[in-house]
Amino acid sequence: MKRLIFFLIVLVYSGSLLAQSGVVRGRVYDAGTNEGLPFVNIIVVGTDFGAASDLDGYFLITGMQPGFYKLMASFIGYEITYSQEIQVNNARPASIDIAMKQSALSFETVTVKPSTFIKLEETPLSVVEIRLSEIETIPGGNRDLSKIIQSFPGVGSTPAFRNDIIVRGGGSNESRFYIDGIEIPNLNHFATQGASGGAVGIINPDFIQSVNYYSGAFPANRGNALSGVFEFRQKNGNEEHFNWRAVVGASDLALTTDGPISDKTDLIFSVRRSYLQLLFDAIGLPFLPTYNDYQFKSRTRFNDKNSLTIVSIGALDEFTLNTGLANPDEQQRYIITYLPINEQWNYSAGFNFTHFAGKSFQNYIFSRNLLNNSSYKYPENDKSRPRSLDYVSREIENKFRFENTWRDRGWKVNYGFDAQYAKYENSTKQQIFRDSLFTVNYDTFLELYSGGIFGQLSQSFLNERLTLSLGIRTDANNYSESMQNPLNQISPRFSASYKLLDKLNLNLNTGRYFQRPSYTSLGYKENDVYINKNNDLKYIAANHYIAGFDYQINSDSKVTMEGFIKDYSNYPFSVRDSISLANKGADFGTIGDEEVVSIAKGRARGAEFLLRYTPDYSPLNIIASYTYVRSEFQNLRNEWIPSAWDSKHLFTLTTTTAFGKNGAWRGGFKWRFVGGLPYTPYDLNRSAIKAAWDTQGLPFFDFSRFNDKRFASFHQLDLRIDRTFVMKRFNLNLYFDVQNLYNFQAEQPDIVLRELDANGDPIVETVNGVDLYRLYNLKNTTGTVLPTIGIIFDF
C-alpha cells in the first residue's frame with residue numbers, strides 16, 4: 001500500500017512534466033474525387049503548430065501538448081475546412097482525414113468567414129455536432145452517448161434510470177441511428193422493444209470521433225424517421241502499430257485495441273462487461289442486470305478510388321431477480337413481485353464500399369441486424385404455478401442501400417435506392433385482464449419486403465448568400481394495402497438558408513416524413529389472424545415546419561434560435577387503452593404488441609435556443625440550451641390531451657474547462673431542468689380484483705383520466721473533475737463524477753402494494769362473489785447522489 005501511494009504521488013507531481021510528444025497525422029483530399037491535395041496549409045486551431053501536405057495529401061504534426069484540438073485546412077480554390085475534433089496524447093498518434101470542397105466562387109470574390117460548426121446544404125438548421133471532448137468529459141454523462149445527447153436542445157429525458165431518446169415532443173420510437181452510414185436498430189442495452197429506450201448506451205465511446213444529431217430537416221437518404229436522426233462517425237485504427245485502451249467506467253470494464261493488419265487495412269475492436277450485478281447485489285437491490293458488448297470496425301483503402309469499411313456491434317443482456325435478499329422491504333418486495341426475468345441479445349453488421357469516379361462517388365451498403373428478446377414471469381415467483389408471461393421474439397433485417405453523390409460548380413446531387421428483407425418471429429403466451437381474465441396465445445412468422453427511392457438536389461446562389469435544397473423519397477412494403485402503394489408515402493422536403501449579414505443567417509425547412517410501425521404491431525395476432533393487417537395499418541406521417549436564425553460570435557462560438565411545428569397523422573391507436581402508442585415506451589419490455597388502428601393525430605409546437613461559446617484561445621466551453629415544447633395527441637372525442645412527453649420546459653447548462661500546468665486538469669458542471677411530465681392515475685377498483693392483479697403484479701391505469709395529472713419539475717446538478725498524467729509511453733486519465741450533487745428527489749407514480757396478514761400473505765376479501773386484494777399507496781421518489789470514479793489507461 002505504501003508503494004502504491006508513493007507511485008500515485010509521483011504521478012500527481014511529475015506526470016505532466018514530461019516532454020510533450022503528441023503526434024497528429026492524416027490526409028487531406030478532394031471531397032468529390034478522393035484525390036490527395038498537395039501543399040495544403042494545415043494549422044492546429046489555437047496553437048502555433050501546423051504543417052503542409054505532401055504530394056499525396058498526407059501530413060504530419062509532432063511535438064504537441066496532449067488535449068483536444070481541431071485542424072483548419074486552407075488551399076486556393078477550396079473552401080476553408082475544419083476537421084472534426086481529435087484527442088492528442090503521448091501514447092497514441094491522432095489520425096484524421098480532411099475532405100475539402102471546391103469553392104463555387106472565383107478566388108478573387110471569396111470572402112471567408114470560417115466556422116468550426118457544420119452546416120450542410122440539405123440541413124442548414126436543426127443539426128448539431130457533438131464533439132469528442134464533449135463525449136469524453138461532459139459531467140453526468142459518464143461517457144454514455146445516450147445520456148450525453150440529453151445536453152442538447154430538443155432532447156427530453158425522464159428522472160428514472162432510462163435513456164429514452166425523446167426529440168421535440170415526439171415518441172421514444174421516432175429516431176434512427178447510423179454508424180459510419182450503416183443503420184443500427186438499438187442504441188441501448190435492455191432495450192424496450194418497439195422503442196428506443198433502455199438502461200445503458202450500447203455504443204463504446206472509445207470508437208466515436210463525433211456525432212451529428214438531426215432534430216429536423218432530414219436528408220432524403222435517411223428514411224423511416226419522424227423526430228431524430230443520429231449519425232455516429234467512428235475513428236479509424238492506427239496505421240503504424242497497435243495501441244490499447246483499458247477503461248474502468250461507471251458501470252463496466254472495457255478493453256479497446258486498434259492498429260494495422262496489413263499495408264492497406266486497419267481495425268479497431270473492443271469488448272465491455274458490466275459489473276453492475278456485483279454492485280447491486282452488494283447494496284441489496286432487488287434486480288441484477290448484466291450486460292456485455294463488442295464493437296468492431298475495419299477500413300481498407302485499396303487505392304485512391306476504392307475503399308471498404310466493415311462495421312459490427314453486438315450485445316448480450318441478462319436481467320435476473322435478487323430473490324435471495326434477507327428481509328426485503330416493501331419497495332423491494334414490490335419490484336421482485338412484478339419484474340419479469342429478461343434476456344436480450346443482438347448484433348448489427350455491415351459493410352460500406354465506396355468508389356470514386358470523376359466528380360462523383362458511389363456507396364454500396366449492405367447490413368444485417370438481429371434482435372432476440374425473451375422474458376418470462378411466474379406469479380409471485382412461484383415456479384410451481386404456470387407462467388403469467390412467456391415471451392420470445394426475434395427481429396431480423398437484411399438491408400441494401402445504393403447512393404450516388406455528385407458535385408460540380410456548387411451543385412450537389414444525391415440519389416439512390418434501398419431494399420430490405422425482414423423476418424419477425426414471435427411466440428407469446430400471456431395472461432391479461434380486460435373485463436375478465438384473458439390469455440393471449442399466438443405464434444408469428446412474418447416476412448416483410450420493403451423498398452425506397454430518394455433524391456436530393458442542392459445549390460448556392462447570389463454569390464453563395466442563398467442555398468437551396470430540394471429532396472424527395474418514397475417507401476413501400478408488402479404488409480398492408482395502404483403500405484404497398486408508394487404514392488401514399490411521397491415524402492418531399494425543402495430547405496433554404498439566406499445570409500442576412502456576414503455572421504447572421506436565416507434558415508427554413510419544411511418536409512413530410514414517414515415511418516413504418518414497429519414489428520411488434522405488424523406481427524400481433526388474435527385468433528391466429530394478423531389483426532392489424534386486417535385493420536389496414538399505415539405508415540405514420542409527420543409534417544415539419546421549421547424556421548430560425550444562427551449568429552456566429554467567433555469561429556468556435558455560435559447562437560441558434562429555431563421554432564418548430566410537427567403535425568402527426570396515422571399514428572397507431574391502442575384499441576384496448578384508447579391512447580396513441582406515441583405515449584407508450586417509457587418502461588422496459590415491449591410496446592405495440594396489441595390491436596391498433598391508424599387513426600391517431602398529434603402535434604408538437606415549440607422553440608429552441610442554443611449557445612455554444614468558446615472564447616478565442618481559451619479552453620472554456622459553454623453549452624446552454626433551452627427548449628419550450630408542447631406535445632399533444634387526440635383522444636377518441638377529438639380532444640387534445642398532453643402526451644407522455646409534454647415536459648414544456650427543457651434547460652441545460654454545461655460548462656467545462658482545462659486548467660493547471662499544460663491543461664492536466666479538467667473540470668466542469670452540468671445543471672439540467674425538466675418540466676414535470678403528465679401521468680395517468682391508477683384505477684384502484686380494477687387493480688384490487690385478484691384475477692386482474694395476478695396477471696401483472698401491478699396496478700392498472702385509469703385511461704379515462706389519461707394524463708390529467710402532472711409531476712413537479714425535475715432538476716439535477718452534476719460535477720466532474722479529470723486529471724491526466726502524461727508519461728513517455730502511456731497516458732492515464734482519472735476522473736471523478738458526481739450525479740445529482742444536491743440529492744434532488746423527483747416525483748414518481750405511487751407504489752401500490754397489497755396488505756399482508758401476520759403470515760406475510762396478501763389479504764383477500766370476497767365482495768359480491770369477486771375476490772379482492774386490500775391495496776394501499778406508498779409515496780415514491782427517485783434520486784440519489786451517485787459518485788463515480790473512472791480510470792482510462794492508454795498504452
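Student: What makes strand E32 (residues 540–554) and strand E33 (residues 557–574) a pair?

Tutor: Strand E32 and strand E33 are joined in the antiparallel sense over 13 bridges. Two strands count as paired if DSSP finds at least two bridges between them, and the strands themselves are DSSP runs of E with at least two residues, numbered from the N terminus. This is a predicted model, in which local features need pLDDT of at least 70, side-chain atom pairs count only at pLDDT 80 or more, and totals for chains, interfaces and linings use all residues. Residues are numbered from 1 along each chain as its sequence is written, and side-chain values use heavy atoms, without hydrogens and water.

Student: How many residues lie between E32 and E33 in their hairpin?

Tutor: Two residues separate them. Asn 554 has Ser 557 in E33 as its bridge partner.

Student: Which residue in E34 stands opposite Asp 567?

Tutor: Arg 603 does. E33 and strand E34 (residues 596–613) run antiparallel, joined by 15 bridges.

Student: Why are the buried residues of H4 said to line one face of the helix?

Tutor: The buried residues of H4 (residues 276–283) are Leu 276, Gln 277 and Phe 280. Down the axis of H4 they fall within an arc of 95 degrees, so they line one face. The arc is taken from the directions from helix axis to C-beta atoms. Buried means under 20% relative accessible area, exposed over 50%, with partly exposed in between (1.4 Å probe, protein chains only). On the other side of H4, Leu 278 and Ala 282 are exposed.

Student: What do the buried residues of H4 pack against?

Tutor: They pack against strand E21 (265–274) and strand E22 (287–303), where contact means heavy atoms within 4.5 Å.

Note on methods: Helices (H or I, at least four residues) and strands (E, at least two) are DSSP runs, numbered from the N terminus.
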